[in-house]
Amino acid sequence: KTLSASGFHSPERGIIDVLDDVLIEIDAEGVIAAVHRHGDPNYRTIRDARDASGELVTLPAGFYILPGFVDLHVHAPQYPQLGDALDVPLEVWLQKYTFPLEARYQDAAFARRIYGLLVDDLLTNGTTTALYFATIHQEATRALVDICLEKGQRALIGKVAMDNAGECPDYYRDVSAQEALDGTRALIDYVRGHPDNREGRVLPVVTPRFIPSCTDATLEGLGAIARDCGCHVQTHCSESDWEHDYVLARHGMTDTDSLDRFGLLGRRTVLAHANFLTAKDMETVRAREAAIAHCPLSNAFFANAVFPLRTALEKGLHVGLGTDISGGPSASMFENARGAILASRMLQSGVDPNLPRSARSTFGPAQIDFRDAFHIATAGGGVALDLPIGQFTPGCQFDAMLIHADAEKGTVRLFEDRDKGERILQKIIYTASRPNIAATWVGGRKV
Ligand code: GUN
Ligand code: FE
């Protein structure tokens, strides 16, 4: 199939590549084989040939393709709580609201119903890849795998490991390190052996919830599993001052260092939040080529800090964007991209007008713009996951969304005489909402 379309992608930080009337050739596996630009010498010839053979799909004016969003941090079971329970600190929120909700996924029928609604909602919002925390439960987590495969979403899914009786309630934890490790291995086998997963659209993830939830035996065992299986790892790291201090008190080092010594910090590790990383921690994350899932909306409620996104990007760390459903109250990556921009601007200017101007921000340049936000929501997520997604480059999967820039149907209003080039993308980033997303593709197929 060959798509004749206009759109945008950001293969590298700071760069918006405007695709103005290009041909995207997609092979039978859903991989981008070539991108021909309007000015290329063979553009006309290829277009006419594809048109004659009936392979050409031409998108009308007013429609733009963007890479599908990569949501780097989602708690699938917390979807019923989206937009709710935002009134208490993290450690209270877990015990009061979140663990009781997650415990309900003991009921696999409940899990199937909620997970079906969530995956539909994310796909409709343009999220073509999601990195999911599930729950401790085997059957419910397998249901999430099945649903992603059925609905065609690219997904990385972890059975949550949490066995520390000191921090996890009796009604919701792995009863032993052995159970946490066996459950993790069982999910890896289930995902890799799934008859509908030959393309590897769903991948398994080693998922210690965070250090406070896990015993050292579990952390050590999960590190060994990650090494043996070569799979992705995800966890929360240095999210709040409480969490950061807890690990310092228990392990006598930062959680970054502690994860590292357990073998849980590698090229395929995604650390959610990472707000309290020290300069040395950042250097460790960079050296290991691990990634950070920046969750700006969630951080506003639970972090007691603002993640220094620009610093992390300038140091060359891999960073993607996450909704952190339901720590963040929106499933929309557009809203989270806007949240990332707003948070960065507030960090830059400081937030207390009573301080002298020179003391309002101690952070130096912190501000990012729509280009960085778009990059981390797409290609940055692909790099973080070490997967060929998030950009329209030959060799990458054709995972995309179609934006209808129409003020009657949605919330993007373009004026033909003034909105040109990357300014169109700027308007899309700042104003698009779900009704503007006319279609999504994963691996070349409409979902
Ligand atoms: N830390 C441990 N568990 C969680 C969770 O479910 N959400 C967030 N935001 N932080 C966590
Ligand atoms: Fe989280």
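Helix 5 (residues 177-192) and helix 6 (residues 216-229) pack at an angle of about 20°, with their axes 9 Å apart. The model is predicted.

**Helix 5 against helix 6**

- Two packed helices are described by the angle between their axes and the distance between the axes.
- Angles under 35 degrees count as roughly parallel. At about 20°, helix 5 and helix 6 are therefore roughly parallel to each other.
- The crossing of helix 5 past helix 6 is right-handed.
- Helix 5 brings Ala177, Ala180, Leu181, Thr184, Arg185 and Ile188 to the contact. Helix 6 meets them with Ala217, Thr218, Gly221, Leu222, Ile225 and Cys229.
- By class, this contact has eight nonpolar residues, three polar and one charged.

**Shell around ligand 1**

- The residues surrounding ligand 1 are His75, Leu90, Leu94, Thr98, Arg209, Phe210, His236, Glu239, Ser298, Phe302, Asp324 and Gly327.
- Two elements give two or more residues to this shell: helix 2 (90-103) and helix 10 (296-302).
- The shell around ligand 1 counts four nonpolar, five polar and three charged residues.

- Most residues other than glycine have a negative phi, and most peptide bonds are trans.
- Ser326 sits in the loop between strand 14 (318-321) and helix 12 (333-349).
- Asp21 belongs to strand 2 (residues 17-26).
- Ser238 lies in the loop between strand 11 (232-237) and helix 7 (241-251).

- Is Ser238 buried or exposed? Ser238 has 27 other C-beta atoms within 10 Å. The cut-off for a buried residue is 20 or more, so Ser238 is buried.
- Asp21 has 16 other C-beta atoms within 10 Å. Exposed residues have 12 or fewer and buried ones 20 or more, so Asp21 is partly exposed.

Conventions:
Residues are numbered from 1 along each chain as its sequence is written. Chains are lettered from A and ligands numbered from 1 in the order in which they are written. This is a predicted model: local features need pLDDT of at least 70, side-chain atom pairs count only at pLDDT 80 or more; totals for chains, interfaces and linings use all residues. Helices (H or I, at least four residues) and strands (E, at least two) are DSSP runs, numbered from the N terminus. Axes are lines fitted to C-alpha atoms, for helices over the stretch in contact, and angles run from 0 to 180 degrees between N-to-C directions. Angles under 35 degrees count as roughly parallel, over 145 as roughly antiparallel, 65 to 115 as roughly perpendicular and the rest as oblique. A crossing is left-handed if the near helix is turned anticlockwise from the far one by less than a right angle, and right-handed if clockwise. Two residues are in contact if their C-beta atoms, placed from the backbone, lie within 7 Å. Ala, Val, Leu, Ile, Met, Phe, Trp, Tyr, Cys and Pro count as nonpolar, Asp, Glu, Lys and Arg as charged, and the others, Gly among them, as polar. A residue is near a molecule or strand if its C-beta atom, placed from the backbone, lies within 6 Å of it.
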